[in-house]
Amino acid sequence: MGAEYITLEYWEVAASALLLVITAGLALLFEVGLARSLAWVALRMVAQLLLVGLVLKFIFAATNGWITLAAASVMVGMAMREVMRRQQRPLQGVWRWLPGSASLLFVGVLALLYTLLVVLRPEPWHAPRQLLPIFGMILGNSMTGITLGLNAITEAITRERAAIEARLLLGCSRWQAVQPFAARALRMALTPMINAMAAAGIISLPGMMTGQILAGAPPVEAVKYQLMIMFLIAGVVGLAALAAMAGTIWRLTDERHRLRPDRFVQAG
Amino acid sequence: MLEVRALARLPMLQPVNLSLPAGECGVIMGRSGSGKSVLARAIADLDPNEGDVLWRSRSRNAMPAPEWRRLVAYVPAESGWWAERVSDHFVFPGDAEALLEEVGLPAEAMQWLVARTSSGERQRLALARALAMQPEVLVLDEPTSALDAESREKVEALLQRLLEEGKTVLLITHDAAQAQRLGQRFWRMKAGRLEPVDAPR
């Protein structure tokens, strides 16, 4: 690497923010009403990323299994919270967070162990420099897939109640009755991933690959890493969305094969 | 015999008892909001409810719900549709086109788009769709509410034929004349309570 890698000075980073300042100025001028929030998110991003940089510096220096585990746990916790918060029609009780969280944890750990033990085999196996970025990408994409899938299936169960009950009345089981709607929801959950795969390298250079190339990695090496991560994510997102949806459908129906919308958190 | 035993969904439906001999048509009348549809949904086991329903001494609660719903078919006043084309809703192989003809719809109706049908057409399609699974009992919630006189007569003739063939029909209707034409036993629903009444005059 090294040879082609240009170290950024802080003033150079600041210079790159100049365009953002111009945009904010224009927003102020035309009363778009975004100037304040633009400034706020930009400052927050600076603080977040500097903090993460410092934390990662510490974790990489330590390369201690327990510290890495603690960092991974915090990441899972944040992802679980985000899945829960983004639900448009939450369920009552533990079912508000259980399907999303359990499937997130399951696929996250599954994909991570597979990557570390079979694909990448870093030394030591829990090396945070490999483990944390990969875990983050798996979690982030699974989070999106689960959120899209859950919102689509709970919306279908609310809005298409008559259609689902019509299927139940024709002798369908609860799983058969929601199947067309679950299929649609799964398609929605997978669409961002499919779009990303289709666009990769033609319309956009994936972020991870761009980063590696900027950091001086040979392009073909960067491509190999990108392929690995895309395959992992594509494999895991569908599984995560399906598992979370299955848990939610199970709870929104009962053993007498009827819909139970009364198990949603009731409005008001 | 169709026997409804202490079927309840409080507070909308107080415990209901009802016996309807096989091959007969029972009619339930009553104002909107009195609980007629709640009773029909409870018979089909679509909402949590108490009590039991028996058909030929077989308990609903003792058999899987899908099996019960194929035996005792409930057709709501407005049915749901999940696919674009009419034909995709006929999940049972049977002779769907013959049934369509009997409810006064052409065979091409199978190729129609559900979104382009009228409420009267959908009402008849829903009836044909349910009949295709050859149930033994029909629970019909206002099956002719969206129909013109001619279509209503066709549907009533179809119901007469089914009764003659030995099917049992529990009919919910606002139409006293229709109740008189088809019914043999009569009940009135009032504020969630069901009571037997004489034939309407």
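Predicted model: local features only at pLDDT ≥ 70, side-chain atom pairs only at ≥ 80, totals over all residues.

Tutor: Two residues are taken to be in contact if their C-beta atoms, placed from the backbone, lie within 7 Å. Setting aside its neighbours within four places in sequence, A:His126 is in contact with A:Gly65, A:Thr68 and A:Leu131. Its surroundings hold 19 C-beta neighbours inside 10 Å, and A:His126 therefore counts as partly exposed, since the buried class calls for 20 or more such neighbours. Between A:His126 and A:Leu28 there are 98 residues of sequence, and their C-alpha atoms are 48 Å apart in space.

A:Arg121, which lies in the loop between helix 5 and helix 6 of chain A, has a phi near 40°, a positive value in a residue other than glycine. A:Arg121 has 11 C-beta neighbours inside 10 Å and so counts as exposed. A:Pro124 also has its place in the loop between helix 5 and helix 6 (128-159) of chain A, and the peptide bond that leads from A:Glu123 to A:Pro124 is cis, with omega near -5°.

Two packed helices are described by the angle between their axes and the distance between the axes. The axes of helix 5 (residues 98-120) of chain A and helix 10 (residues 219-251) of chain A come within 8 Å and cross at roughly 155°. Because the cut-off for roughly antiparallel is an angle over 145 degrees, helix 5 of chain A is roughly antiparallel to helix 10 of chain A. Their crossing is right-handed. On the side of helix 5 of chain A, the residues that meet helix 10 include A:Leu98, A:Leu104, A:Phe106, A:Val107, A:Ala111, A:Thr115 and A:Val119, while the residues of helix 10 of chain A that they meet include A:Met228, A:Leu232, A:Val236, A:Leu239, A:Ala243 and A:Gly247. Sorted by class, this contact between helix 5 and helix 10 of chain A has 15 nonpolar, five polar and no charged residues.

Of the 268 residues of chain A, 29% count as buried, and its C-alpha atoms fill a box of roughly 70 × 55 × 35 Å, taken along the principal axes. Among the contacts in chain A with a separation of 6 or more, 73% are accounted for by residues 24 or more positions apart.

A:Leu170 sits in the loop between helix 7 and helix 8 (174-199) of chain A, and with 22 C-beta neighbours inside 10 Å it counts as buried. Not counting residues up to four places away in sequence, A:Leu170 touches B:Val91 and B:Met133. Across the two chains, 17 residues of chain A are in contact with 16 residues of chain B. The largest share of the side of chain A that touches chain B, eight residues, is supplied by helix 7 (residues 161-169) of chain A. By class, that side of chain A has nine nonpolar, three polar and five charged residues.

Chain B has backbone features that can be set beside those of the loop. A cis peptide bond joins B:Leu10 and B:Pro11, with omega about 0°, and B:Pro11 is placed in the loop between strand 1 (2-9) and strand 2 (13-20) of chain B. B:Gln134, in the loop between helix 4 (119-131) and strand 7 (137-141) of chain B, has a phi near 50°, a positive value in a residue other than glycine. B:Gln134 has 12 C-beta neighbours inside 10 Å and so counts as exposed. Just after helix 5 of chain B, B:Gly166 takes a positive phi of about 100°.

Terms used
Residues numbered from 1 in each chain as written. Chains lettered and ligands numbered in written order. Axes fitted to C-alpha atoms, helices over the stretch in contact; angles between N-to-C directions. Helix = DSSP H or I, 4+ residues; strand = E, 2+ residues; numbered from the N terminus. Parallel < 35°, antiparallel > 145°, perpendicular 65-115°, else oblique. Left-handed = near helix turned anticlockwise from the far one by under 90°. Nonpolar A, V, L, I, M, F, W, Y, C, P; charged D, E, K, R; others polar.
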